[in-house]
Amino acid sequence: MKEELEKITPSKISSFQVFLIHVCCGLALAVGFWVAHNVYSINLIFDPTGTLRLIWAIEFPVVILLFSCFRQKPEKCSYLKAIARGLLGLPVGALINALGALALGAPAGLQYFERTVSWSLLMSSLTFVPTACVYGSCWTDWHRIFACTKPKGSLDFMLCLPAHGAVIGAWFGAWPMPLDWERPWQDWPICVSYGAMAGYVAGMVGSLGLALMHTGGKQLKAE
Amino acid sequence: MAPLTCTKLSVITITGIVTQIFGLSLFVFGFFPVKPALPGTSGSESFFAPECDFVGNLSDTTLPSDQLKSLYQELSGIPPSFDRLILMVADALPAEFVLGKNEKPPHKQFKEAMPYTQSLLASGSAIGYHSRAAPPTVTMPRLKAMVSGAIGGFLDVAFNFNTQAMMDDNLLGQFFRIGWKMVMLGDETWLKLFPRLFKRHDAVSSFYVKDTVQVDQNVSRHLADELSKDDWNLLYFQILHYLGLDHVGHIGGRSSALMAPKLKEMDEVVKLIHSSINQSQGNRQGRTLLMIVSDHGMTEHGNHGGSTYEETDSLALFIGLRNHVFDYASVINQIDIAPTLALLFGVPIPKNNVGVLIREAFDSLKEDQHLRALELNAWQLLRLLHAQLSGLPCRNFPCDAFYDHQSSDSSECNHMTENMLCCLYMEAAALYTSWKSKRSFESTSNKDYSSTTAAYYKFLKSASEWLSRRTTDKPVNLLALGLTTLFISSVILSSLMFCRLREIYHRGNQQASNLKYSMNGWSFDETFIVSVVLILVTCMTSSSMVEEEHYTWYFLISTFYLLLLRETAQSLSSVGLQSFFPMQKGQSGEGFFRICCSFLLLISGRISRGWHQGGVNWTSLPDISKWLEQAGSPYVKPLQLMSAVLVISIGLFALFSIESRGKCLQMVRLSFLISGLLVLLHIARYQDYALSSTNYGGTFLVQIIYAILGAVTTGTIVALPWLIPLSTSKIFPADNTFSPPFSPSIQEKFPLVELRDTLYVVGWAYILCWCLLQLLLQQPINTTPILLLLLQIVAGVHYFARSGTHLKEWVEIAGFHCLGMAGHFALGNSNTLATIDVAGAFIGISNHSTFLSGILMFIITYASPMFILLSLVMYISTKSVVHLVIPEKANAGDILMMLLGFPCLVPLVLNSILLTAYTVVLLLMQNHLFVWSVFSPKYLYVCATTKPTEKEAAAHSCRSKR
């Protein structure tokens with residue numbers, strides 16, 4: 001009984017919407033880079049703090065505005081409330097990301113503080129904020145998506161895959177850091193950010209593919 | 001397939017281990033050949049023919065230098081051709097830049113950059129050679145080869161890891177002995193090699209590779225001054241070592257835009273020196289030889305270290321010999337420089353020299369002097385041959401005395417190498433004797449002379465080749481056999497583990513209904529552990545990843561902890577949100593406890609990671625231990641005492657938490673308490689002076705502690721299983737509130753519970769004993785990492801004890817293995833031999849004993865991996881066996897196998913896979929730059945890790961036999 005209810009309740013989302021959201025998020029990232037390069041003429045290597053902050057400033061509003069449209073139980077929760085949830089989720093997610101990075105060995109010195117903060121803000125808007133906007137503080141949903149990684153439906157995939165992609169990408173991005181290549185991008189958090197963004201984009205592509213397959217399968221079944 | 005029985009399992013395991021040891025020793029034997037080197041330095045005895053009753057040095061080394069010099073001159077019969085030597089080393093200058101390649105002139109751009117040198121070469125006043133350098137083509141071994149004529153093996157490095165100074169017989173030492181004044185300007189490597197020989201020196205460091213200008217200006221700034229100094233009367237040796245060219249290469253490669261200006265600069269230096277020599281030649285007597293050499297070449301990209309032609313093609317340029325004009329430069333070996341210089345300057349050839357005289361350098365000598373020089377070189381090589389070939393019959397030594405023309409002809413010189421060398425030598429010696437006798441009748445012909453020299457060169461060349469091949473060649477068969485054996489053993493062990501896994505998996509399937517999580521498919525952690533192994537194997541192929549291996553381990557272990565945290569979160573709401581309500585307090589408490597454990601793991605792991613900044617490249621970054629050391633002992637001491645107290649109290653708490661009134665157990669507790677207090681006393685009172693040998697009190701105290709710890713631990717291990725009256729029902733260790741719920745059927749199995757209690761006590765006895773030893777031996781700064789390590793172990797064990805079936809046993813043990821390696825690096829160890837704490841190895845030893853201090857050094861270095869292996873005993877005892885003991889009538893063997901199978905197998909399998917992989921890497925990389933500095937020490941570490949792993953496994957299986 002309960003399971004049936006859960007199956008019905010997730011708000012429907014078409015593969016076109018998924019496509020739209022992912023394209024917007026990806027474009028926001030790209031625009032962030034473009035603005036950093038061409039308007040402020042900074043880049044990730046020489047000014048990681050500024051660039052990360054700039055990308056975050058462009059990505060975060062896009063993410064929060066888009067994902068709040070797909071909030072769960074829209075009749076109970078207004079658009080503004082969803083945005084407020086996202087805003088609240090941002091510092092929490094940033095804290096969790098920063099702690100995770102520290103546990104994995106990010107430098108803890110004060111001179112890295114600003115970089116860590118801007119990196120974790122960006123990571124939070126890639127991983128935490130969407131889910132916070134959509135599901136709020138519902139523990140079962142969080143548990144399903146993040147602890148068990150058992151997403152159901154396109155919406156879950158849309159939240160789960162890019163977030164996991166970003167985290168796993170960041171994890172792999174950290175590997176070149178200790179090598180003695182003496183390249184400037186080996187510094188914290190440059191290659192980690194590159195990895196995270198690459199993983200995020202890969203996750204979006206995966207989620208899009210799954211959404212297409214899902215709807216395709218449904219249509220086939222319907223026929 | 002028939003299920004494994006306990007006996008079968010242990011027999012196969014032991015076979016695997018024995019195979020592994022066998023293969024490892026084969027491989028090590030083949031890879032690190034021990035080269036017999038002659039000790040001591042050459043003295044006047046090198047001017048006499050080698051004899052059977054060969055005795056060491058005559059006492060002539062005690063002679064004053066001027067007498068020694070005239071003695072040498074008298075004995076050798078060759079007047080020194082030169083009095084002054086200026087050795088200019090241009091680091092990494094390929095001979096191709098100066099001499100061209102394949103009989104073609106050098107590239108136009110390079111030729112134009114060095115006009116003066118090229119004009120000297122064209123006029124014939126300079127003779128240039130391609131001198132082949134032996135790998136590894138890095139500066140220090142090359143300099144050693146140049147001055148001693150020997151090709152070093154790896155064990156030279158391994159045995160002298162704490163002293164860099166060159167102890168072997170070498171040219172500089174010989175020059176010093178006959179009273180030369182030596183001056184060195186340039187690379188500080190020379191100062192490290194020869195710390196006290198130089199009268200004046202100005203060393204520059206090659207640390208700042210980006211600097212290509214200053215590093216050479218610092219050499220040249222003294223040059224004009226030095227050349228005009230008055231005190232270089234007659235005996236003078238100047239070394240100029242220019243590093244700039246090497247730096248240019250490292251930055252931009254061979255075709256760097258900076259290369260031509262740098263060559264121009266070198267040319268200017270040559271011009272300056274040569275014109276100053278010509279001037280002084282006019283007004284003074286001394287004759288000067290200017291040698292321009294490079295230690296090695298460089299690849300197209302400016303790197304060096306390997307054995308390609310570009311890297312080994314180095315330059316040797318003599319200026320000041322009799323004029324020769326060559327169409328193209330011939331090829332010599334770099335080691336040939338040593339004997340040539342020795343005889344040109346009238347000192348004995350260094351003892352372990354493998355080189356051969358350079359022919360053109362002796363052209364200015366008279367015929368008899370040239371032959372005499374060849375004879376001296378031949379004698380020296382013959383001595384070396386005799387040292388390496390004990391089979392070389394002694395009667396061959398005074399060959400020339402017994403030689404009979406009729407008894408042998410050159411056709412005989414084709415047999416085995418040893419005989420051939422001897423035969424060649426005899427032939428040359430005979431020709432020389434006949435030449436000498438003919439000369440006394442004034443009837444020598446040019447033909448005799450040239451045939452004699454040809455015969456000598458033939459002997460020298462083949463002997464030199466044979467000797468150098470012997471030092472660098474590796475017996476391929478032995479290596480292949482060793483590798484195959486290692487591979488077989490790792491296959492045996494891993495297939496054994498796989499069998500066990502499958503068995504357990506089947507059983508799990510049978511009663512999947514009992515288990516919340518059925519064991520179908522791979523779980524995430526198992527994938528993680530398998531990928532850890534793959535990542536580690538991949539990382540070993542990269543030299544910088546081996547240098548910075550600790551980062552890999554830290555990263556993997558903290559990822560593992562994060563996965564544990566995620567696992568906890570997963571299980572938390574398998575109970576759902578209700579777990580937050582009081583009605584299911586037990587389970588939520590357990591979840592909460594596990595979350596606490598994983599946070600404790602994460603935090604203590606992170607702190608111990610930050611404790612020592614290990615490795616090679618980033619050692620200068622700040623870390624906690626540096627910061628504490630700067631803060632000084634008022635901070636270190638309390639911290640150390642606090643950590644020690646905490647460590648001891650954790651251990652004692654665990655021992656006292658067992659509810660038993662047995663006398664035996666009380667004894668154990670009491671004696672650990674006493675020894676803990678003694679250790680604290682030692683830390684508080686003596687540790688500051690522990691290294692001064694006069695401190696009898698401290699040494700005595702330490703000895704008492706050793707004795708108590710040894711006695712208690714052995715006593716516990718041996719006697720406890722028989723003495724302990726533990727078999728009353730409610731003795732399960734650890735605080736009962738946390739202990740996992742037992743099904744009554746297990747509680748009734750008294751022998752099993754008893755066994756587990758015993759294991760628990762024994763495990764804690766191991767842990768406490770090891771901790772106390774470490775507190776005693778490690779540096780004060782390392783006390784806190786030990787505490788952190790203990791905390792991680794305890795937290796991990798408690799976490800796993802409560803995890804039930806969420807995690808599989810082998811995953812947990814593999815996690816512990818990772819923790820052990822991470823802890824190894826957290827205690828300040830690294831993959832270089834330089835971080836071994838030698839000082840600690842003498843604590844509590846009153847008289848010098850290599851064996852005892854070796855054991856202590858081992859205890860210090862392998863503190864963490866051993867710690868983990870010992871604590872596995874404790875881990876076994878706390879592990880819930882609910883899901884393991886399935887058959888109603890399990891016999892003792894089966895239970896033991898359940899308990900001990902994985903803890904023995906998993907470390908063995910991991911270690912054997914890594915060992916085999918690393919052996920392959922070492923074999924593939926044997927010509928790589930870092931094989932000497934990175935891979936080989938790492939290999940020694942891996943070998944040494946193998947030992948305790950195996951020992952531990954043996955101990956486990958011994959227990960299982962009981």
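This is a predicted model: local features need pLDDT of at least 70, side-chain atom pairs count only at pLDDT 80 or more; totals for chains, interfaces and linings use all residues.

Reader: Why is helix 3 of chain A called roughly parallel to helix 5 of chain A?

Author: Helix 3 (residues 48–68) and helix 5 (residues 113–135) of chain A pack at an angle of about 10°. Their axes are 9 Å apart. Angles under 35 degrees count as roughly parallel. Therefore helix 3 of chain A is roughly parallel to helix 5 of chain A.

Reader: Which residues make that contact in chain A?

Author: Among them are Leu52(A), Trp56(A), Phe60(A) and Val63(A) of helix 3 of chain A. Helix 5 of chain A contributes residues including Trp119(A), Leu122(A), Leu126(A) and Val129(A). By class, the contact has 16 nonpolar, four polar and four charged residues.

Reader: How do you know whether Lys458(B) is buried or exposed?

Author: Lys458(B) has a relative accessibility of 52%. Exposed means over 50%. So Lys458(B) counts as exposed. Lys458(B) sits in helix 19 (residues 446–472) of chain B. Between Lys458(B) and Leu424(B) the C-alpha distance is 7.3 Å, and they are 34 residues apart in sequence.

Reader: Now the sheet. In what order do the strands of chain B lie?

Author: Eight strands form an open sheet in the order 4-3-5-1-6-7-2-8, with mixed pairing. Neighbouring strands are turned by 20° against each other on average, direction ignored.

Reader: What makes strand 4 and strand 8 of chain B edge strands?

Author: Strand 4 (200–204) and strand 8 (330–333) of chain B each have a single partner strand, so one side of each has no neighbour in the sheet. For strand 4 of chain B, five bridges join it to strand 3 (residues 181–187), and the two run parallel. Leu185(B) stands opposite Asp202(B) there.

Reader: Why is strand 2 of chain B said to be largely enclosed?

Author: Buried means under 20% relative accessible area. Six of the seven residues of strand 2 of chain B are buried, so strand 2 is largely enclosed by the rest of the structure.

Reader: How do strand 2 and its partners in chain B run?

Author: Strand 2 of chain B runs antiparallel to strand 7 of chain B, over seven bridges. Strand 2 pairs with strand 8 of chain B in the parallel sense, over four bridges. Tyr129(B) has a bridge partner in each: Ala316(B) in strand 7 of chain B, and Ser330(B) in strand 8 of chain B. Helix 5 (residues 115–123) of chain B lies across strand 2 and strand 7, at about 100° to strand 2 of chain B.

Notes:
Residues are numbered from 1 along each chain as its sequence is written. Chains are lettered from A and ligands numbered from 1 in the order in which they are written. Side-chain values use heavy atoms; hydrogens and water are left out. Buried means under 20% relative accessible area, exposed over 50%, partly exposed in between (1.4 Å probe, protein chains only). Two strands pair if DSSP finds at least two bridges between them. Axes are lines fitted to C-alpha atoms, for helices over the stretch in contact, and angles run from 0 to 180 degrees between N-to-C directions. Contact means heavy atoms within 4.5 Å. Angles under 35 degrees count as roughly parallel, over 145 as roughly antiparallel, 65 to 115 as roughly perpendicular and the rest as oblique. Ala, Val, Leu, Ile, Met, Phe, Trp, Tyr, Cys and Pro count as nonpolar, Asp, Glu, Lys and Arg as charged, and the others, Gly among them, as polar.
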